[in-house]
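Please examine the sequence and the structure shown below.

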Amino acid sequence: MAASRWAAVGNCDLTPLERIRPAVHVGDLRVHTSGLAGDSPRTTPLEIDVRTMSVRTANGGATPATTESDRARILVDEDRVVVRTTALNEDAIYLAFNRSQGKLAYFTDLFLAPLILPALGLPVEVRPEGPQPRSDETALLHVSRIPFGAVQEGRRLRDGWTLRTTVADDPLRHLRRPGRTDALQAGEDQVSALQEQIRSVTRDRPLDRFATLLSGGIDSGTVTVLAASEGLALTPYSAGTPWGDEFDDAAELGDHLGLSVRRVELSEERILAAVPQAIRGLGVTEPEVVEVALTATALYDGTEIPRDEVLLTGYGSDLINAGIYRPFSTPEELIDQTIAAIHQTRFTNELSSRLPLAYGREVHHPFWAWPVIQVALDTAPDCKVRDGREKFHLRQAMSRRVSHDIAWRRKIAVHHGGGLQRGVVKRLEADAPGVDRAAIYLACFRALVNLAQEGSIDDWDPLQVYERGIADARR
């Protein structure tokens, strides 16, 4: 069962939340935390690192987050709270603010809102049609995300609390004119950036064990090859479903590296249980986002991968390397598609650490490091897509490290591998004939909101929540 790690900061008593985690008072602010690592939150001013869900004594103010080293943070002092989001906004910070009463709260877990909103004098209401795409709206009315690349300060003045927001320039705006035009060199540059990112994660950890989620495709394969080249204690895992698997492809790469790939058979029941678990961890209901997360969620909740193994994935490569693209007529169109795909993640939480941390997992996505993204966006479209093959540049570079068959294997999207999306859709259609799956996921979200209102944030049976969602969606 998940044990979510979260923090909430309010300028008034959050009584329903008090029953779960008593507050620490910092001046006029109340700080509630669960599962955070680090110093006691009684030390002020304190800073909460939302990426790692850890707390420490602050040593300076907050500035706009624009570089790869930045993380979302919450700074709490006697008469102010400052929140900072990153340029890509992987880890959401939420705000609920009753302006008429001057009551506000920041929090890192959307499912705290059913306990926080009543304390602010606001109702708990699910948006009937879900939030607007690519907006800071959430599936709950009266709750919004802090914008990407922002610093927002809530400060107590003589006449009450006021908010001031500063938003940094969007770095994606300056990455529309790629300068890398040699496909092989661009691929090598990206591999070098990936290698350095893996080293930054694994450096000074000689006793730690590592794992990769390996499909045999170019993305997870590249991460596995580079991790193995570092001499790590590395175990690749490959997941299969009742609807198919990629075990043979993964084993081929494992044999090339001299590594034994461990197979994990995910049952249909585990995958269905992962539906509300993914929605709970992500806080969103968009079908594609939820379905991409199902395999990882089922594995996080399982026992096949020991929790002390640091997990490295290939997630993010499709987005930055035109892994999935629509037909285009000009290079500019593919650039626009890539920028739009990256921008979309600022509102979906799909690269957030919240979900794995809830299961006690340390997970890293090397492709989603800013230096790697910069190289990818500086790579010309003709290097990424050539002769109908996506990720041409990366495949060329990896052809120097693995066999031609492995490097040029046909692309399968993460949520299509093992037939997962097709199988899930078929099951949903059987359980709720004629009901759009988006409505089913939103119904699961409503069921989770109802449980949270009762104080059950994590203590629930995922299959029962799935069944409640199906029953609600069929009405």
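Gly149 is found in the loop that runs between strand 11 (144–145) and strand 12 (150–157); helices (H or I, at least four residues) and strands (E, at least two) are DSSP runs, numbered from the N terminus. With a relative accessibility of 4%, Gly149 is classed as buried, where buried means under 20% relative accessible area, exposed over 50%, and partly exposed in between (1.4 Å probe, protein chains only). Val275 lies 126 residues away from Gly149 in sequence, and the C-alpha atoms of the two are 30 Å apart in space.

The model is a predicted one, in which local features need pLDDT of at least 70 and side-chain atom pairs count only at pLDDT 80 or more, whereas totals for chains, interfaces and linings use all residues. Residues are numbered from 1 along each chain as its sequence is written, and side-chain values use heavy atoms, with hydrogens and water left out.

Strand 12 also contains Gln152, a residue that counts as buried at 6% relative accessibility. The side chain of Gln152 is joined to that of Thr165 by a polar contact of 2.8 Å. A polar contact is a pair of N or O atoms within 3.5 Å; within protein, one must be able to donate a hydrogen and the other to accept it, and residues adjacent in sequence count only if both atoms are side-chain atoms. Setting aside neighbours within four places in sequence, Gln152 is in contact with Val81, Val82, Val83, Leu95, Tyr106, Ile146, Leu163, Arg164 and Thr165, contact meaning heavy atoms within 4.5 Å.

Met53, in the loop between strand 5 (46–49) and strand 6 (54–57), has a phi near 50°, a positive value in a residue other than glycine. His142, in the loop between helix 2 (113–119) and strand 11, likewise has a positive phi, of about 75°, although it is not a glycine. Met53 is buried because its relative accessibility is 2%, while His142, at 36%, is partly exposed.

Arg354 belongs to helix 10 (residues 354–358). Why does Arg354 count as buried? The reason is its relative accessible area of 11%. Its side chain makes a polar contact of 3.3 Å with the side chain of Asp109. Beyond residues up to four places away in sequence, Arg354 touches Ser4, Arg5, Asp91, Thr108, Asp109, Arg280 and Gly281.

Consider next how helix 3 (residues 183–202) and helix 4 (residues 218–229) meet: their axes come within 10 Å and cross at roughly 60°. Axes are lines fitted to C-alpha atoms, for helices over the stretch in contact, and angles run from 0 to 180 degrees between N-to-C directions. Helix 3 and helix 4 are therefore oblique to each other, since angles under 35 degrees count as roughly parallel, over 145 as roughly antiparallel, 65 to 115 as roughly perpendicular and the rest as oblique. Val191, Leu194, Gln195 and Ile198 of helix 3 make the contact with Thr222, Val223, Leu226, Ala227 and Ser229 of helix 4.

Ala430, in helix 15 (residues 420–431), is exposed at 55% relative accessibility. Ala430 and Ser399 are 31 residues apart along the chain, and 43 Å separates their C-alpha atoms.

Finally, the cysteines: Cys12 is buried at a relative accessible area of 9%, and Cys444 is buried at 0%. The structure holds 0 disulfides, a disulfide being a pair of cysteine sulfur atoms within 2.5 Å.
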